[in-house]
Amino acid sequence: MGKRYSSRAPLRDEAAVRELLALMEGYNAPGRKELAAMVAQITGLERQLDEASRQIEAMRKELAEVREGPVKRTLTKAVRALERGAALLGERLDDLKAAFVDGCKRTLAAVRERGISALAHTARFFHLGPAVEAVNRLIDHNISTIDRGIAQVERDSRNYHEAGRRVRNAGRALLGQEPVAEAKGQGKLADAAIFLFQKEKSVHLAMRRGTEHLEERLSLLEQAARPSIRQTMEAANQKLAQERQGQERPAPALEHDGR
């Protein structure tokens, strides 16, 4: 398995995340499905980043077996740029996960302070917008790096084979042979590199769709609390308070018949 660029534990393993999801499920709180979907979406981003890192590592290993040349030099620079981009993306993903965990902790603190009715306002404790935007910017940057890498490989491959055609034609001229009109197509190295670049791009595009879905879920979470639902949560809070009072009420004293 390749390097994990995200240094934090998987989001679903965070204690505050598990506690809040269980609490919302137990009280049928508004937005519980949206919050669970957000956890799944961020977990998906983690998996996709790990997949991207494995593909970058595979590209680097392939390059180690290739002889030196203009195409290899171009690919080496591109792979290094992708490694830097993946590392930065891992840092931004860590920031997003930290912001999500903080939102869970803030919600739980509000529940302890104000009661279960605080779950009707869960969205106000999650400030994920800046972290999601930072992830999006890096995904877009990495996609641009991949596109530039593909274009450079294609250009260097054409130039390399065109130079080879000219050299061969010079030799053919000395032998009195007709020149070759067209250069060879892209070499195997260029074809393999472009294929790997395209796979890497598809992973990043999937991550971009993932962040869009995450933003949609966050918007739905913000819309989840309605007046009628808030009233339901208030009633649940009152019920919980009554149950606690019942538990704390002292047992009645035993009566003696005097005998």
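User: What makes up the secondary structure of this chain?
Analyst: In this predicted model, the chain has six helices and zero strands. Along the sequence, the pattern reads α-α-α-α-α-α.

User: Why is Asn28 called partly exposed?
Analyst: Happy to walk through that one! Asn28 has a relative accessibility of 49%. As for its place, Asn28 sits in the loop between helix 1 (15-26) and helix 2 (32-64).

User: What makes the phi of Asn28 worth a look?
Analyst: Asn28 is not a glycine, yet its phi is positive, at about 50°. Most residues other than glycine have a negative phi.

User: Which residues have the most contacts inside the largest nonpolar core?
Analyst: That core has 40 residues, and those with the most contacts inside it are Leu20, Leu35, Met38, Leu96, Phe100, Phe126 and Leu128. Two or more residues come from each of helix 1, helix 2, helix 3 (70-114), helix 4 (129-174) and helix 5 (188-224). Helix 3 gives the most, with ten residues.

User: How do you know that Leu35 touches Phe100?
Analyst: A contact requires heavy atoms within 4.5 Å. Leaving aside residues up to four places away in sequence, Leu35 touches Leu20, Leu21, Met24, Phe100, Phe126 and Leu221.

User: What residues does the second, separate core include?
Analyst: This core has 17 residues, including Leu63, Val79, Val153 and Ala190.

User: How many of the residues in the chain are buried?
Analyst: Of the 259 residues in the chain, 41% are buried, with under 20% relative accessible area as the cut-off.

Terms used: Residues numbered from 1 in each chain as written. Predicted model: local features only at pLDDT ≥ 70, side-chain atom pairs only at ≥ 80, totals over all residues. Heavy atoms only, no water. Helix = DSSP H or I, 4+ residues; strand = E, 2+ residues; numbered from the N terminus. Buried < 20%, exposed > 50% of the residue type's maximum accessible area, 1.4 Å probe, protein only. Core = buried A, V, L, I, M, F, W, Y, C linked by side-chain atoms within 4.5 Å.
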